[in-house]
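Dear colleague,

I am handing over the structure that I have been reading through, and my notes on it follow. Please keep it open beside this email while you go through them.

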Amino acid sequence: MNPSQDAHEITRLLDAWGDGNRWALDELMPLVAAELRRLAKNYMLRERPSHTLEPTALVNELYLRLVGRRDMNWKDRAHFFAFSATTMRRILVDHARGKRTSKRGDGIQWLPLDEAMDQPQEMDLIALDDALKTLEAMRARQVRIIELRCFTGLKMQEIAELLEISLATANREWASARAWLYRELNMRERG
Amino acid sequence: MNSRRWEEVLALFDQARELEPTERIAFVREATGEDRELAEEVRSLLEADDSAARFLDKPLFELAPDEPRTLLAEGSRRLGAYLLDRPLGQGGMGAVWLASRADGSYQGKVAIKLLHRDINTSNLVARFESERQILAGLQHPHIARLLDGGATEEGRPYLVMEFVDGDPIDTYCQTHDLSLRDRLELFRKVCGAVQFAHQNLVVHRDLKASNILVNRDGEPKLLDFGVAKLLAPEGWIGGGGATAAAMTGTGMAPMTLSVASPEQLRNQPVTTATDVHALGLLLFRLLTGQPAFTIEGQSTEEIISTICEREPPLPSTLLAPGTSSRRLVEGDLDTIVRKALRKKPTRRFVSAQGLSEDLERHLLGLPVRSRPDTFGYRWGKFVRRHRWGVAAAATALASLLLFTALLLVQQRRVDGARRSTDEVNRFLTDLLYSADPHIAKGRELTVRELLDAAALRVWSDFADQPELQASAMLTIGKVYQSLSEFEKAGPLLQRAQELLAPLPWVDQRLKMEVVRALAKQKLLAGEYELAEQLYRQSVAAFEGGKEREQLERSLVGLSAVLARQGRHEEAVTQSSRALDLARSLFGPRHRRVEESLNSLAVLQYSQGAYSEAADSSQQALDLALSLHGEIHPSVANNLNGMARAKTALGESEVAEKALRRALRIQEQLYEDSHTDIAATRHNLAALLFEGTRLDEAEALALQALAVRRDTYEEGHSQIGETLDLLGLIRYQRHDVRGAYDLHAEALAILLPALGEEHEFVAVARHNLSRAAIALERYTEGEKLLRQSIVGFRAAYGDEHPQLAFALNSLGVLLRKQERFAQAEEVYREVLRLRERSLGSDHVATAVVRNNIAVVLQLTGKPSEAEVLLRQALPVFERTFGSTHRNVGTCLKTMAQILSDQERYTEAEETILRALPILQDNYPEAHGKRLGAQVLKAEILHGLGRTEQARELLNQTLRMARAHGRTKEEAKAQEALRNLG
């Protein structure tokens, strides 16, 4: 299916969903994932610091079509964000793996959005992904927090609300997960 | 770690984290008791936590930053007098929200554009007030009204607009599957609204599909009128567009790049024509469902160049061939879109109304006013888009193809010729059309690619008409030659010859033209004997006949190849014949005369007749200027010729000016990789290296070398020439070893390429010998030098300055070996030659005087030496400047001579002038500097300042020892002994 057909289909499903058809969301997700993938691919093909904001605008457009057009109930919203976070994580990691196979041993250099110009932050997405997989077995909720924080950019308050936990809990879980990841990644580097 | 264990770790980690850092360790130790592993786990996690403060503190990917989410949690939805309802969308400027009046004073829904924080709109509100009158007056059924504007408490600007419940126009057309006619009608309504705004002096500046919504009634509404201007930085208002930096930097984009017009991107005044351009893009999209320019994945610079320079494809070409929708768009609509999208605002429709009216005429079946681009217009643009050199090649391609057709008209049956003409025309037209971006996969073909396409097609296109095919191949081959693509020219020309050979009826002229093009090919490939043979064949074909013009062409070629072989006298004879022929055939002011003069100048130069060469070049240059104007290959060529002659005559300033002018011209004409540019760079480098500007000289020579290595076969003589030049430059940089290697490589190329007799071989041997001598390989050096002198005598005869130069080098060698009598004899011959050919004031003559003076000094004839040196010094100062190393060396010799005559006061004065110059030009322990210091000490001793002399000698001795300068060390020791 080409992108414009996809877009058409997305619109149709959104309408169905808006009319109260819950199943529509389930059908929607793979399409949205494809759309996100397409957008992300464009995004990453460029890999120019000056363009880092552009694809977010594109993804946002899609996001707004989903979230903005119809009232979304709490559960759906959480569902959506969790889905988005996981999807983005997968897209970025796939991309990083693709890069790694084409350029051996060269971890993706990911530029944080805000500071793209002056503070390139090197992030080994594959290592991060592997670590997250380990953490998943230890405490899945922490992985959700990391994902939501890192792959959708939600604020802690929003994450807390989505996961229906207190802000303090969210912060604690975040802090320990982050410390663990940091240690894990650095140990990997040393090892 | 299992999850249970992890929970233990987490519990301790969380508690420890609450504590002061100093208390943590103790806490963990206490809490973990015997479980060392657990303690270590928590401790290292705490440690990681300390370092991880900035780890992952920025999202790796951010979905929907800012506004929609901040309102996700129930926050304030109040904005001024409005109550935000739900987000409508996200644009480049910020989020758009559906809202209503909080106080209920206005029943309808409004759209609120909440702008990004970083938009610099400090005076947006004030500006809004001033624009309000105008925007309020903009009441049109198809324009959404701007109602209000303000800023949030955090200072975030927002705009309030009439809410339009509808879809973007392109989506609308698609989802409703509108017919072409309906689309055009809808589009004309948009034009009407734009026209209305224009009449109210409002330009939209950011018209695009997403700004034009179509409501449920099928009526379009234009959003954001006046917004772009309102949001523009101050300087932007009332004229200039935003600069690329302003658009892509941290600030907002007052326009959308993909729908910007060339004038906006170029920072030129924005007018109503800007909106016409945007309408053109919109119409394109409505007709094809695709954007006119594919800019996805391009950088800002690429986008700008795409929009400003590339022609969009014709809309119809994006539609499936053979379909009715394509046929409906072909012709008028293509033409109308093209006109709306012209790069130059004044060439577009005068107004949105004009565009609308032409569409109306089309709908009514009337002829539209827009005219398709004429062939001339199209061709003219094609040529203008490309730099002259390439464009000229393209023009040549066209005119030669047409010429071919005409030729055939003359010599064949009328109906057959008619057919041929048509065929050639079609071939040509097809080619030009393939320059259309849509055929060339969405991008514009360069002339080179065009030519490549032609070259490919010519093998098959005229397969049943060998004569026509041969002439087309000849033409294309010649154009390739003019682009220095000899490899591509070769097979075409070869084939053309094969095709014509068995056809007895074919005009001799055509056959010989192929022969000459092949000869040129051989000439450029360095296969001179073959080239000569071919040119002679062409001369013989026309000798005594009526076709004197053809004879002239052939003679010019023949003289060129003779010259290349170093047979200058024969070459001049042929060249003069050609010049006379050209004058009688075409009159004194004709391109051919200019070309002949130019060739003659080259030959005269090669013969060493520099003044004559300069004269011929000047005549040719004047003629070229009056015929073509400044920016023309011939002008550059003649400037080069003149520069060479002037260099040889010692007028380096004139020469340098001429070369730089030539380079400027060529850089406008050609791509950087053109061999003509390489040649001029080589020449300029050759000139500069004589002065003190070695850096520039070396850079130029390296550029020239790179191009030549790229363009020519390995072993081509021109590569050798540039290598030789680089060797000279390295030598000047005191890198004798490097110079030796370069000269050796040059000789290894030049000798097999040009043969034993060639002057360049002699030159390369001469240069290599100089490096060998500097490396103190005197035997090898002398052998090479004597070979080169033989070569020069053979190539130039006894009178040539180059011979004098080589003899001079031999003199230097003999002098170094202290064979003074032989050296003086050689030098005296050199001086005679130089005075005769260059005159007494020439720098080269002065050099010889200097050298004789040195020998005379060494053989104890200081007074004779002084006379010669006093003649040489002012020439050096004038030519090189008073701080040049040659002046320093000359002054040192002078000081020596004066010292020898015990004129110590004068000697001291002179050595004090020499020393700083030598210091500036030579490394610390250089023999010349050490020698000069010894000399100074001797002079000081002569003046009775013995202690000063001793101190200086000791210092010099130390330096000489430290650097292994045995010769200078011995000198200094001897001088010390002389002090007593």
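Leaving aside residues up to four places away in sequence, B:S316 touches B:R326, B:V329, B:E330 and B:D334. Please bear in mind throughout that this is a predicted model. B:S316 belongs to the loop between α12 (300–309) and α13 (324–329) of chain B, and, with a relative accessible area of 2%, B:S316 is buried.

**A sheet in chain B and the helix across it**

Chain B holds an open sheet of three strands, in the order β7-β8-β9, and the pairing is antiparallel. Which strands stand at the edges? They are β7 (166–168) and β9 (220–222) of chain B, and because each has a single partner strand, one side of each is left without a neighbour in the sheet. From one strand to the next, the twist averages 35°.

If you look at the pairing in detail, you will find that β7(B) and strand β8 (residues 212–215) of chain B are joined in the antiparallel sense over three bridges, and that B:D167 stands opposite B:V214 in β8(B). Helix α7 (residues 180–199) of chain B lies across β8 and β9 of chain B, and the helix runs at about 30° to β9(B).

Helix α7 of chain B also contains B:Q199, which is exposed, with a relative accessible area of 54%. Although B:Q199 and B:T272 are 73 residues apart in sequence, their C-alpha atoms are 9.6 Å apart in space.

**Aromatic rings between the chains**

How many aromatic pairs are there over all chains? The count comes to four, and two of the pairs are described here. In one of them, the rings of A:W180 and B:W6 have centres 6.0 Å apart and planes at 65°, and since planes over 60 degrees apart count as edge-to-face, this pair is edge-to-face. The pair crosses between chains, with A:W180 in helix α8 (residues 167–190) of chain A and B:W6 in helix α1 (residues 3–18) of chain B. Both A:W180 and B:W6 are buried.

Another edge-to-face pair is formed by A:Y182 and B:F55, with 5.2 Å from centre to centre and 70° between the planes. This pair also crosses between chains, from A:Y182 in helix α8 of chain A to B:F55 in the loop between α3 (36–51) and α4 (67–70) of chain B.

Are A:Y182 and B:F55 buried or partly exposed? A:Y182 has 21% relative accessibility and therefore counts as partly exposed, whereas B:F55, at 11% relative accessibility, counts as buried.

**Charges over rings**

Chain B also shows arginines placed over tyrosine rings, and one of them is B:R770, which lies over the face of B:Y731 at 3.8 Å from the ring centre. In a further case, the charged end of B:R777 sits over the ring of B:Y740, at 4.4 Å from the centre of that ring.

Technical notes: Residues are numbered from 1 along each chain as its sequence is written. Chains are lettered from A and ligands numbered from 1 in the order in which they are written. This is a predicted model: local features need pLDDT of at least 70, side-chain atom pairs count only at pLDDT 80 or more; totals for chains, interfaces and linings use all residues. Side-chain values use heavy atoms; hydrogens and water are left out. Two strands pair if DSSP finds at least two bridges between them. Helices (H or I, at least four residues) and strands (E, at least two) are DSSP runs, numbered from the N terminus. Axes are lines fitted to C-alpha atoms, for helices over the stretch in contact, and angles run from 0 to 180 degrees between N-to-C directions. Contact means heavy atoms within 4.5 Å. Rings of Phe, Tyr and Trp (its six-membered ring) pair if their centres lie within 6.5 Å; planes under 30 degrees apart count as stacked, over 60 as edge-to-face and the rest as tilted. Buried means under 20% relative accessible area, exposed over 50%, partly exposed in between (1.4 Å probe, protein chains only). A charge sits over a ring if NZ of Lys or CZ of Arg is within 6 Å of the ring centre and within 35 degrees of the ring normal.
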